[in-house]
Amino acid sequence: MQSISEMPSDDLAGDAKRRVPIPLIKEERQIMSLSNTQYNILMRRYEAKQLKNQHIITNRMQEVYQALPRLLEIDNEISSLSVTQAKKLIDGNENALACFHDRLKALTGEKARLLADHGYPKDYFEPPYDCPDCQDTGYIGGRKCHCFEQAAIDLVYTQSNIRRILETENFDNFSFDYYSDEQINPATGLSSLATARQAVQNCRNFIQTFDADFCNLFFYGDTGIGKTYLSNCVAKELLDSGHSVIYFTASSLFRIFEKNAFEREQHAGDDYRNIFSCDLLIVDDLGTEFSNTFTVSQLFLCLNERILRQKSTIISTNLTLTQLKEIYSERTFSRISSSYTMIKLFGNDIRILKKLKGQPCQET
């Protein structure tokens, strides 16, 4: 077994396995089980979005109608046009439909030109939806939209702060300035900078092939070298493309396992099952939890089940590979080493470098 920093790049492309259906495993796209109260909370949020959009469009229309009175005349004529042509059809005018389409085309063309000539975008009267797929209703054709599923995840697992973090921790803000071109890994001959560039490229490959190839990522190395940051970069891209993502610190994940094992609450079991169904599970800071036979067995069960379902997982840890094997058993280590792309980062602590430069520290 080699880590990513010890593999030639050609080997990495073949590391991912095809994401194909697994027999006897029931895929559940609708992964969340919500109480009535939780469901009502989410639906009120969608209603608030719709009201906000209506208010925005009303204000825009009033603004434009005041500036361009002819636009109001056009919209009024379009509204009455269908009624007029329908009456003509009833009266037996066979040319009414063709005349309707010709006139409608002329009016909409004039409207578009009028807006463009005065600097308005052609979609100025379209609501600025947060989710264009469901138009901020939460549903598509009677099925819950991907945005609803993620909103449920954020609510149930109290991970709403993830959105705020991802506004800053993403590929647009990722910087290689903190990685040295002089620090060399003797095992690979690669510098800290070259290793970081390779890691970022593999994260981008993971995202680009996410729906076609099954792959998992394992970030390891010293504290403060970008492991959590890269996990967040991947999470941001997959969330933006409509995938469900659940983020846990290792301690939080094992608390869910404990509730499922030792508590009789229905929602404890629901929360547990959702961990196996989400598109991407992120386990951050593995090794910081209190480790015992229960956590060791539950980690293996979680990773093994997600591999069987071909659901991707990202793990980050400060542990060495030797420590990983000693703490979580040879069996778990074997699962990770054979099914994950191992990404070892090294270099100076970015938090300390940022502090020295007077910059705000972020998760790394």
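**Group meeting talk: a helix, a sheet and a pocket**

Okay, let's start with Ser329, which sits in helix α12 (residues 321-339). Helices here are DSSP runs of H or I with at least four residues, strands are runs of E with at least two, and both are numbered from the N terminus. Ser329 has a positive phi of about 90°, although it is not a glycine. Ser329 is also partly exposed, because its relative accessible area is 27%. For those cut-offs, buried means under 20% relative accessible area, exposed means over 50%, and partly exposed is in between, using a 1.4 Å probe and protein chains only.

Before I go on, some housekeeping. This is a predicted model, where local features need pLDDT of at least 70 and side-chain atom pairs count only at pLDDT 80 or more, while totals for chains, interfaces and linings use all residues. Residues are numbered from 1 along each chain as its sequence is written, and side-chain values use heavy atoms, with hydrogens and water left out.

Now, where else do we find a positive phi? Asp285 has one, of about 60°, and Asp285 is not a glycine either. Asp285 lies in strand β7, and it counts as partly exposed because its relative accessibility is 27%.

That strand takes us to the sheet. Strands of a sheet pair through backbone hydrogen bonds, either parallel or antiparallel. Two strands count as paired if DSSP finds at least two bridges between them. Here we have an open sheet of 5 strands in the order β6-β7-β8-β5-β9, with parallel pairing.

Let's look at β8, residues 312-317. Is β8 mostly covered or open? Mostly covered: 6 of its 6 residues are buried. Ser312, Ile314 and Ser316 are buried on one side, and Thr313, Ile315 and Thr317 are buried on the other.

Who are the partners of β8? Strand β7 (residues 280-286) pairs with β8 in the parallel sense over 5 bridges, and Leu286 has Thr317 as its bridge partner in β8. Strand β5 (residues 217-221) also runs parallel to β8, joined by 4 bridges. There, Tyr220 is bridged to Thr317, and Leu217 to Ile314.

How do you get from β7 to β8? Helix α11 (residues 293-309) goes with them, and the three make a right-handed β-α-β unit. Right-handed means that, with the strands pointing away from the viewer, the path from the first strand over the helix to the second runs clockwise.

Last stop, the pocket. A pocket is an open set of points on a 1 Å grid over the protein atoms alone, where a 1.4 Å probe fits, with protein on both sides within 12 Å along at least five of seven lines; lining residues have an atom within 4 Å of a point. The largest pocket has a volume of about 540 Å³, where volume is the space filled by probe spheres set on the points, which are joined across faces, edges and corners. Of the 20 residues lining the largest pocket, the closest to its centre are Lys49, Cys147, Ala151, Asp154 and Arg163.

Which element gives the most to that lining? That's α5, with 6 residues. And α5 is mostly covered, with 10 of its 11 residues buried, among them Cys147, Ala151 and Asp154.
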